Amino acid sequence: MSLKEQHLALSSGIGLAGFAVSNFWDYSSEAFDTFKDEIIDSIVKPKKITAVHHYLSFFQDIYEEIDKMRKNLDDMKYIYDFITRTLDEVNLHPNLPKPDFEKCNDEYGHFECGCSEIIEQWIGFVSKNAAQIDNLIVHSAFQFVFQDRGFLRNFHLELAKFIKNKMDYIEKKYPDCVTAKKRIKRQPFPQWLKSAVFHRDKGTCVICRCDLSNLIRQQNQIHIDHIVPLNLFGSNDASNMQLLCERCNTSKGDRSTDTSFINVPFWNL
């Protein structure tokens, strides 16, 4: 399968990811309730838009961010600079005039000069394209969060409480996706998910660190494991998966949420 390269807004994404992770314990319940139906839709079967994406969306609103800047900053130039940096990151390049701050005689923040009129056009462009901008920043933030299995374990343990609480609602909405024991039913893993988990975990069992690449000897079988098992009200959300060998997967079973914080730093390669 060929790689599909994509433009990512990594600077904005890492800012969102850090904020969302550090505020998880304060806002997770509110975020889960806000995106209840979207999250439930993402957890019954693996989808590329995950529950983590929806959680990140709870914090991401480019237009609201600009509105706060307008109320709190004393110079419109800062807003223009923020907009152009963000649009460069998301690969949007509007054909709009650019304010010439050097030639402008306004010394009071460019609120009532020709620069202000031009900046309003840029703000209008962001407003019209806010959904596209927000979605790419969220998608970029996910690239960082998906690498943090420790956070993903905590995320899905909290999500398990949400699932347990909403199980009657989930069963009513998706009766074919719930077992007789009131658990989310296991679903097949699509190839894109297997490839993503294998790539993130570097072809290595995250618990015992044995090589699963099978480049030399076909001796270790690959298992895609639910970090929080379905039996513990885990889900089929694509961010609830990790790479294990057969022995570790069998040992972990359906009562454990074991994972690993071990990674391979770039300077160690």
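Which residues of α5 are buried? Here, buried means under 20% relative accessible area, exposed means over 50%, and partly exposed lies in between, with a 1.4 Å probe and protein chains only. By that rule, the buried residues of α5 are I62, I66 and M69.

## About the model

This is a predicted model, in which local features need pLDDT of at least 70 and side-chain atom pairs count only at pLDDT 80 or more, while totals for chains, interfaces and linings use all residues. Residues are numbered from 1 along each chain as its sequence is written, and side-chain values use heavy atoms, with hydrogens and water left out.

## The chain as a whole

Let us start with the overall picture. The chain holds twelve helices and two strands, taken as DSSP runs (helices H or I of at least four residues, strands E of at least two) and numbered from the N terminus. In sequence order, the pattern reads α-α-α-α-α-α-α-α-α-α-α-β-β-α.

The C-alpha trace spans about 70 × 50 × 30 Å along its principal axes. Of the 269 residues in the chain, 47% are buried. Contact means heavy atoms within 4.5 Å; among contacts with a separation of 6 or more, 72% are between residues 24 or more positions apart.

An α-helix has 3.6 residues a turn, so residues three or four places apart point the same way. On the other side of α5, K71 and N72 are exposed. The buried residues of α5 pack against α6, α7 (114-128) and α8 (130-145).

## How α5 meets α6

Helix α5 (residues 62-72) packs with helix α6 (residues 76-89) at an angle of about 160°, and their axes are 10 Å apart. Axes are lines fitted to C-alpha atoms, for helices over the stretch in contact, with angles running from 0 to 180 degrees between N-to-C directions. The angle makes α5 roughly antiparallel to α6, where under 35 degrees counts as roughly parallel, over 145 as roughly antiparallel, 65 to 115 as roughly perpendicular and the rest as oblique.

On the α5 side, the contact residues are I62, E65, I66, M69 and R70, and they meet Y78, I79, F82, I83 and T86 in α6. These residues divide into seven nonpolar, one polar and two charged; Ala, Val, Leu, Ile, Met, Phe, Trp, Tyr, Cys and Pro count as nonpolar, Asp, Glu, Lys and Arg as charged, and the others, Gly among them, as polar.

## The α2 and α3 pair

The axes of helix α2 (residues 24-34) and helix α3 (residues 36-44) come within 5 Å and cross at roughly 85°. That makes α2 roughly perpendicular to α3. From α2, the contact uses A31, F32, D33 and T34, and from α3, K36, E38 and I39.

## S140 in helix α8

S140 lies in helix α8 and counts as buried, at 0% relative accessibility. Leaving aside neighbours within four places in sequence, S140 is in contact with L8, A9, L10 and G13.
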